[in-house]
Amino acid sequence: PAAKSWIHGGTPAQGFMSHAEGPFAGFFKSISGPWADWVFMAGLLGIGVAVLAGAGLKLAAWSGALLLALMYLAEFPLGTTGTYTNPLFDSHWIEALGLAVLAATYAGDTFGLGKWWGRKVGNGILR
């Protein structure tokens, strides 16, 4: 709920990682801390700005896929108690695939600053 948002004193990354289950729960609980909220929110901001602007989509796609993979491992469906989702067709992988499609098709060239940005940085990872 909005009352538990980061702006209102909530801890999005700490809250998520402190309730991790499965074989990787110990790792995520051990790195949970106030710094994790800052890194998580800054990462989300950077990825979101790059996707909306259409510039830096390759870097955003790689960063977003890494973030989604870590979120997937934090709630790894195998080895947990109760119900779990299909480990192959999880929403995290579908979202990572969506980011990869945006970057691979140069979607920012059509709907954003991609062409301009590409002239500035070339066709490397910053594209």
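Start by selecting helix H4 (57-74) and helix H5 (residues 91-104): the two pack at an angle of about 175°, with their axes 8 Å apart. That makes H4 roughly antiparallel to H5 (angles over 145 degrees count as such; axes are lines fitted to C-alpha atoms over the stretch in contact, with angles from 0 to 180 degrees between N-to-C directions). Helices here are DSSP runs of H or I, at least four residues, numbered from the N terminus.

Keep in mind that this is a predicted model, where local features need pLDDT of at least 70, side-chain atom pairs count only at pLDDT 80 or more, and totals for chains, interfaces and linings use all residues. Residues are numbered from 1 along each chain as its sequence is written, and side-chain values use heavy atoms, without hydrogens or water.

Now show side chains at the H4-H5 contact (heavy atoms within 4.5 Å). On the H4 side, pick Leu57, Ala61, Leu68 and Tyr72, among others; on the H5 side, the partners include Trp93, Glu95, Leu99 and Ala103.

Next, select H3, residues 34-53. Colour Ala36, Asp37, Ile47 and Ala50, which are buried (under 20% relative accessible area, 1.4 Å probe, protein chains only). Their cover includes helix H1 (12-18), helix H2 (25-31) and H4.

Last stop: residues 96-117, one of the spans that the unreviewed UniProt entry lists as "transmembrane region". The ends of 96-117 lie 22 Å apart by C-alpha atoms, and the span is 82% helix and 0% strand.

Technical notes
Buried < 20%, exposed > 50% of the residue type's maximum accessible area, 1.4 Å probe, protein only. UniProt positions renumbered as here; feature names shortened; annotations may be inferred. Parallel < 35°, antiparallel > 145°, perpendicular 65-115°, else oblique.
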